[in-house]
Amino acid sequence: MSVGAPRGLASSGQKPIAEILHPLSAAEEPHSVTVNIGGDKQEAGLTNGTPVETSSPASTSSLFNRLQLDDDLEADVRDPYVDAAETRDLFVTVDDPKKHVSTMETYITYRVSTKTTRVEFDLPEYCVRRRYQDFDWLRIKLEDSQPTHLIPPLPEKFVMKGVVDRFSEEFVETRMKALDKFLKRVADHPVLSFNPHLNAFLTAKDLNKRQGLALLTKVGESVKHVAGGYKLRARPPEFCAMGEYLDTFSQKLGTIDRIAQRILKEQSEYLTELREYGTVYSSWVGSEDELRRPLEGVAGCVTTCCSALDDLSENMTQDFLPVLREYVLYIESMKNVLRKRDQSQAEYEGRLEAAILRKQEDSRTPMPAEVEKCQDKVECFNADLKADWERWQSNKRQDFKQLLTGMADKNINHYEKCQAAWESLITLLQDKQTEDKTSETN
């Protein structure tokens, strides 16, 4: 194999490393980055062919258009992982949280159930209990042993004491759903699902988190060694586009999260006032016998509206915000893989430059084998990162379509309940008016 730019770099239009050892002139520096998606060139960002202004936050409605939530599912059908998902042979579920109290600590464990037909497993079904730190151990092991792949994020471990009760039913339920999603993403991955650490996590009754599997760990350690002080010459355009997309996407999610938090706060305050408002009508009934039915009707309408608003707020807290936060963490995971890829390329460029200098001094000096190894490592990074990027984009489209559809349904349900309640009050008032006229006539 000839030593030069990795195939992943050459395919992106970048010059071979040997040709870019001298500084690039200003004329050679690209002014914009384009990405080839589905055969069409697009500007890096969240919009279809339109550069994204990152200096000022966009409105929520325009953001959703920028998330490329196309109703046409053909893009997902073209995803190479979709067909593999139809023939899955590993199914995992996280459920049944249980609280454990001892003299030393209090913690929650979750049941992890596995069904599989893979030959790597001795049995077709397993059922073990794991706590959060076991999931954290698995993710760290996956990062170390599969450094070229995107590892799904875990929900954040630490919560603010006094603000969130980590043993409350709501918190445990939310964390359980996040852990279940994490494990399902790993189990559905065509590479990560075959990792021996995952096998141990799913099958071992007593998980020995200090156990060996040293061979896989060495793979991860090798990526951490970067050419000391060597600066990356130029990241390939397609990976520049990924980084810019992640920055813009992160900004938009952060804006939505902040606005959603304010909405929740205002809804909570409004709910408190609304409940007090309904109580006034209920207490009024005792002193106005003639208005008893209308007053009870208004109090009932307010109670219904309170219940509907409470459900809407709960949906945002339990379903909407966790997805936003998961993707914020996903962005950090993707950026971490991009940094590792850059480190690998920098190491390769540094070793190649040193080898070329030695060869210029003595033409008989052979090209070191370590240069080819570094080149192969970069090519592996490029291929794995591209595949995981496409998979992540496919999952993101499906997740946000489901999220936004659910949000629309919940809002429609909320307003339908409120409308039905107030319409029933109008009917009641009309009936009362008819009764009063009949009484006067008689």
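Serine 344 counts as buried, at 2% relative accessibility (buried is under 20% relative accessible area, exposed over 50% and partly exposed in between, with a 1.4 Å probe and protein chains only). The model is predicted, so local features need pLDDT of at least 70 and side-chain atom pairs count only at pLDDT 80 or more, while totals for chains, interfaces and linings use all residues. Residues are numbered from 1 along each chain as its sequence is written, and side-chain values use heavy atoms, with hydrogens and water left out.

Serine 344 lies in helix α10. Helices (H or I, at least four residues) and strands (E, at least two) are DSSP runs, numbered from the N terminus. Residues up to four places away in sequence aside, serine 344 touches Lys377, Val378 and Phe381. Contact here means heavy atoms within 4.5 Å.

Methionine 334 is also found in helix α10, which covers residues 292-361. Its relative accessible area is 0%, so methionine 334 is buried. Which residues does methionine 334 touch, not counting those up to four places away in sequence? They are Leu150, Leu246, Leu385, Trp389 and Trp392. Proline 152 is 182 residues from methionine 334 in sequence. In space, the two are 9.1 Å apart, C-alpha to C-alpha.

Strands β3, β4 and β5 form an open sheet in the order β3-β4-β5, with antiparallel pairing. Two strands pair if DSSP finds at least two bridges between them. Strands of a sheet pair through backbone hydrogen bonds, either parallel or antiparallel. β3 and β5 are the edge strands, each pairing on one side only. From one strand to the next, the twist averages 20 degrees. Angles run from 0 to 180 degrees between N-to-C directions, and axes are lines fitted to C-alpha atoms, for helices over the stretch in contact.

A hairpin of four residues joins β3 to β4. These antiparallel strands are joined by ten bridges. Lysine 98 has threonine 109 of β4 as its bridge partner. Valine 94 has valine 112 of β4 as its bridge partner. Helix α6 packs on the sheet and touches β3 and β4. The direction of α6 makes about 150 degrees with that of β3. Helix α7 also packs on the sheet, touching β3, β4 and β5. Its direction makes about 90 degrees with that of β5. On the β5 side, seven bridges join β4 to β5, which run antiparallel. Here lysine 115 has glutamate 125 of β5 as its bridge partner.

The largest nonpolar core holds 29 residues. Such a core is a set of buried Ala, Val, Leu, Ile, Met, Phe, Trp, Tyr and Cys residues joined through side-chain atoms within 4.5 Å. Val94, Val112, Phe135, Leu138, Leu183, Phe201 and Leu202 touch the most other members. At least two residues of this core come from each of β3 (90-101), β4 (106-116), β5 (125-131), α5 (132-145), α6 (169-188) and α7 (196-203). Helix α6 gives the most, with seven residues. A second, separate core has 27 residues, including Phe239, Met242, Phe249 and Phe381. Neighbours within four places in sequence aside, valine 94 is in contact with Tyr110, Arg111, Val112, Phe135, Met176, Leu179, Asp180 and Leu183.

Two helix pairs were examined. The axes of α5 and α7 come within 9 Å and cross at roughly 165 degrees. That makes α5 roughly antiparallel to α7. By angle, under 35 degrees counts as roughly parallel, over 145 as roughly antiparallel, 65 to 115 as roughly perpendicular and the rest as oblique. The contact involves Asp134, Phe135, Trp137, Leu138, Lys141 and Ser145 of α5. From α7 come His197, Leu198 and Phe201. The crossing of α5 and α7 is right-handed. A crossing is right-handed if the near helix is turned clockwise from the far one by less than a right angle, and left-handed if anticlockwise.

How do α6 and α10 pack, and at what angle? Their axes are 11 Å apart, at an angle of about 45 degrees. That makes α6 oblique to α10. This crossing of α6 and α10 is right-handed. In α6, Glu170, Thr174, Lys177, Lys181 and Arg185 take part. They meet Gln318, Asp319, Pro322, Val323, Glu326, Tyr327 and Tyr330 in α10.
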